[in-house]
Amino acid sequence: MKKFLLILFTLSSVATFAQRRGGGGPDAEYIKTNYTKYEYQVPMRDGKKLFTSVYVPKDQSKKYPIMMDRTCYSVSPYGADVYKTSLGPSTQFVHDGYIFVYQDVRGRYMSEGLFKEMTPELEVHKTKNDVDEGTDTYDTIDWLIKNIPNNTGKVGVWGISYPGFYTTASLLSRHPALVAASPQAPMSDLWRDDGWHNGAFFLVANFDFYPGFTNRQDDKPTQGRGRSFNITSNDGYDFFMKMGPMKNTNRDWYKDTVKLWNDILNHPDYDQHWKDRNVLYHLHDIKTAVLVTGGWYDAEDLYGAINTYKTLAKMNPKTPVYFTMGPWVHGGWARGDGENLGDVYFGGPTGPWYRENVEFRFFSHYLKGTPLGDLAPINAFETGANKWKTYKAWPPVEAAEKSLYLLPGGKLSFTAPAGTKETFDEYVSDPANPVPFTPNKTMGMSQDYMDGDQRFLADRKDVLSYTSDVLDKDVTIAGNIWANLNVSTTGTDADFIVKVLDVYPDTASNNKYTRPNVKMGGYQQMVRSEPIRGKYRNAFDKPEPFVPGKVTPVKWELQDVLHTFKKGHRIMIQVQSSMFPLIDRNPQKFVDIMKADESDFQKATHKVYTGKLHPSFLKVRVINDN
Ligand code: PG9
């Protein structure tokens, strides 16, 4: 067996950063009393060392499985005498007794080597020194089970968001000791997760995230982390309008100094740069049991949660793959009660139930052999009806495809348009006056836009609305939605955003979370929305201009939902061409938008067709069990 050096670190500057993040959690005292912390530099096969904090139960009379989180966001606090105030995915784990391991991934904070965004070139192992997240996980697990006393030889990995990606990538280690993993809101394909949605760039979520996203440099630990621009404005709409086209982000803020931001500006299409960073291509031959967790209202990595599950389940039919989707924002299941998002109430707490009955039960079973009980493969929260449902597969087999048509006169129906007359609705989309994505123009990324009331757009002439009759019975839709629009534009490029809304009856009453001056009567709750940047309508890697005036089909996937429109409610579909500053503006001219000048931005008139000749409709999956 190789001999390894266990190095204890205390680095004053990093400890200071750690102390800033301090504070007390409910388990802080318990952890200090019952766990001992160690810090190691764990050697990888290419000689680089990854910084790893290990918290071991003081009671050494028995063995414990290992729970590991690999992160690019720092394992802080640093220093063997400075403790985290919470450990593991939830408090149950702390009290049940596990060995908790946190590791800075390659090139971040205290770990050596080169950090590469979403680690491209996975599984390219030409020499024994070729490394990736799979080999780093393998080498770490191997080291842990051989060097940490009193471990059971079983390892679980979990992580949320970017650490969710590292959790998915840990599966590529295919280490036999890795028996359970839970990628949570895992980034899977950055171009489709946080970055672009069908080619439309998610501006506000990304803009100030990247300044601190640098590699450890000159062998010194990385300092600080994202969101470090000193922005004084409180009005994001005004801030981004004044900044102008995307290229001004470098002129005014990034000053060409952050490689990852330049990668975004230089690769607007789904080119090889992004394809190389899609971990979904690699999820074959997985034997580890997996629990994928996500939130229906995750404004960052909804695509990742849904598609990590779908890909794992499809490519590994014999492996236990579980999937939980709740009414949560990004990471919302890990903290708090999850009773509401904004004005919308979910009927009671949702987070504690998941943490106890799904997450803890899953890991306990695979790591400690406790009974799995009746844990179903799919646990999905049905929004609108406010109840948990279980399924064997996702989307549920019992959900049948149906078309929901946008009809003349602002109507919406499951009945297709008839007659031969060409009909359409039109609006002028003006990049100088884009549609806001929230009523309150805040600087940050308001996650509650995901189920927010859309009545604030009632006076906008550039938002088309199509509404069903009042429903005479509950309508439940489950699974993914496809928008199929027939459109034309006077420009050569255009964004189209489709929003699916649940319109409450005027008699609906407020709940305990409804904000003052909001009335739930008539509330237009957003259930799902997705944009497409029209030039990518045929291929994400081959943008194509529109021919002005020509009727053109545009089809794109809206992500999955499980939602019941209750009897007495109405379904509404809205179509618009901007959602600012959530999404950057489209100049409506076929140009490289990341390099466009202000003078490229032009008004255009868009038409959405609604007749039999050129129908516009949504494909939804409807469950008829109500
Ligand atoms: N999903 C997050 C993110 C990554 C990269 C860019 C922007 C956001 C996150 O890890 O929080």
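In β21, glutamine 524 is the bridge partner of valine 503, where strands are DSSP runs of E with at least two residues and helices are runs of H or I with at least four, both numbered from the N terminus. Strand β20 (residues 495-503) runs antiparallel to β21 and is joined to it by 9 bridges; two strands count as paired if DSSP finds at least two bridges between them. Strand β21 (residues 524-533) is mostly covered, with 10 of its 10 residues buried, that is, with 20 or more other C-beta atoms within 10 Å of a residue's own, the C-beta atoms being placed from the backbone.

The model is predicted, and local features need pLDDT of at least 70, side-chain atom pairs count only at pLDDT 80 or more, and totals for chains, interfaces and linings use all residues. Residues are numbered from 1 along each chain as its sequence is written.

Elsewhere, an open sheet of mixed pairing is formed by 10 strands in the order β1-β2-β4-β3-β5-β6-β9-β10-β13-β14. Its edge strands, β1 (35-43) and β14 (387-391), each pair on one side only. Within this order, β2 (residues 49-57) and β4 (residues 99-104) run antiparallel and are joined by 4 bridges, and serine 53 stands opposite tyrosine 102 in β4.

Helix α5 (residues 162-170) lies across β3 (64-71), β5 (151-160) and β6 (178-184), running at about 135 degrees to β5; angles run from 0 to 180 degrees between N-to-C directions of axes fitted to C-alpha atoms, for helices over the stretch in contact. Helix α12 (residues 302-315) packs on the sheet and touches β6, β9 (289-295) and β10 (321-326), contact meaning that the C-beta atoms of two residues, placed from the backbone, lie within 7 Å. The direction of α12 makes about 155 degrees with that of β9.

Note on methods. Buried ≥ 20, exposed ≤ 12 C-beta atoms within 10 Å, placed from the backbone.
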